[in-house]
Amino acid sequence: MYDPTVARLTYRALLGRRRALILFALPVLLIVIAGAVRGFGGADDQVAVDVLGGFALATMVPIIGVIAGTGAIGPEIDDGSVVYLLSKPVKRPTIIFTKLIVAIAVTMAFSAIPTFVAGMILNGNGQQIAVAYTIAALVASITYAAIFLLLGTITRHAVVFGLVYALVWEAVFGSLVTGARTLSVQQWSLAVAQKVGDGDLITSDVGLPTATALLVVVTVATTWFAGQKLRSLKLAGEE
């Protein structure tokens with residue numbers, strides 16, 4: 001189910017110079033913000049929650065997911081080079097699964113690591129806040145990568161739609177609108193963070209069993225649909 005050659009090509013595409021600069025920008029900004037907040041205000045648990053929840057989990061993680069998920073396959077479909085990949089003796093579900101693994105790995109690396117570093121800067125992992133949000137970022141990375149990989153297979157405007165989803169639905173509705181929170185990956189991952197950290201500081205509108213089920217179902221369903229979409233792409237000479 002995993003093809004090293006496809007993985008290598010996908011890593012190369014995702015970590016090219018221009019895309020890598022974009023991937024590094026938000027993590028660096030998070031760490032700079034954490035350093036500035038700690039320098040001016042000292043260690044504060046509530047401030048750490050506000051920064052990690054309001055910027056890292058609500059904004060940085062989904063945007064990195066957009067870049068990694070759509071970038072894992074979208075450009076190849078857009079420029080037509082995917083036909084060369086599909087012409088190789090590699091099963092299409094294997095291609096999707098491999099690209100998903102790469103997208104997850106990149107999303108995790110560029111979101112969970114800086115989240116942990118920022119948490120340690122903000123309050124030294126008091127109340128397990130840094131660890132809780134790091135685990136939430138890891139969990140969210142899996143589902144975001146799957147969602148945006150699917151988006152990359154179904155539309156040429158995947159990045160635009162992905163950013164709208166990340167910035168409008170997750171960052172705004174997922175944080176502020178009560179009814180929408182139950183349909184937010186952010187809230188599902190917060191349920192995991194709440195279990196790990198201080199439940200009085202870190203809260204979610206979704207219970208842990210429901211959140212876990214939704215994370216699994218959405219990840220599996222979007223991966224399956226992405227595989228089906230790739231199956232529907234026809235090469236010249238195919239019937």
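Where does Thr70 sit? Its place is in helix α3, residues 45–71. Some notes on this predicted model follow.

1. Ground rules. Residue numbers start from 1 along each chain as its sequence is written. This being a predicted model, local features need pLDDT of at least 70, side-chain atom pairs count only at pLDDT 80 or more, and totals for chains, interfaces and linings use all residues, while side-chain values use heavy atoms, with hydrogens and water left out.

2. Confidence. The protein chain has an average pLDDT of 88, and 95% of the residues score at least 70; pLDDT is the predictor's confidence in each residue, from 0 to 100. Helix α7 comes out highest, at 96, and helix α9 (residues 178–181) lowest, with a mean of 69. Helices here are DSSP runs (H or I, at least four residues), numbered from the N terminus.

3. Thr70. This residue counts as buried because its relative accessibility is 3%. For the cut-offs, buried means under 20% relative accessible area, exposed over 50%, and partly exposed in between, with a 1.4 Å probe and protein chains only. Leaving aside residues up to four places away in sequence, Thr70 touches Gly65, Pro75, Phe148, Leu149, Gly152, Ala158 and Val159. Contact here means heavy atoms within 4.5 Å.

4. Aromatic pairs. The whole structure has 4 of them. One is Tyr144 with Phe148, stacked, at 6.0 Å centre to centre and 10 degrees between the planes. Rings of Phe, Tyr and Trp (its six-membered ring) pair if their centres lie within 6.5 Å; planes under 30 degrees apart count as stacked, over 60 as edge-to-face and the rest as tilted. Both Tyr144 and Phe148 belong to helix α7 (residues 129–154), 4 residues apart, or about one turn of the helix. Tyr144 is buried at 0% relative accessible area, and Phe148 is buried too, at 1%.

5. Phe148 and Tyr165. These rings have centres 5.8 Å apart and planes at 75 degrees, so the pair is edge-to-face. Distant parts of the chain are linked by this pair: Phe148 is in helix α7 and Tyr165 in helix α8 (residues 158–176), 17 residues apart. Tyr165 counts as partly exposed, with 23% relative accessibility. Through ring pairs, Tyr144, Phe148 and Tyr165 join into a cluster.

6. A nonpolar patch. Val159, Val160, Leu163, Val164, Leu167, Val168, Val172 and Phe173 make a nonpolar surface patch of about 590 Å². Patch residues have over 30% relative accessible area and no salt bridge; like charges are joined within 9 Å, nonpolar side chains (Val, Leu, Ile, Met, Phe, Trp, Tyr) within 5 Å. A salt bridge, in turn, is a side-chain nitrogen of Lys or Arg within 4 Å of a carboxyl oxygen of Asp or Glu. Areas come from the Shrake-Rupley method with a 1.4 Å probe; for residues, only the protein chains shown count as cover. Leu163, one of the patch residues, is in helix α8 and counts as partly exposed at 30% relative accessibility.

7. Positive phi in a loop. Have a look at the loop between α6 (92–123) and α7, where Asn125 lies. Phi of Asn125 is near 65 degrees, positive in a residue other than glycine, and Asn125 is buried at 16% relative accessible area. Gln127 is also in the loop between α6 and α7. Its phi is near 60 degrees, again a positive value in a residue other than glycine, but Gln127 counts as partly exposed, at 41% relative accessibility.

Methods
Helices (H or I, at least four residues) and strands (E, at least two) are DSSP runs, numbered from the N terminus.
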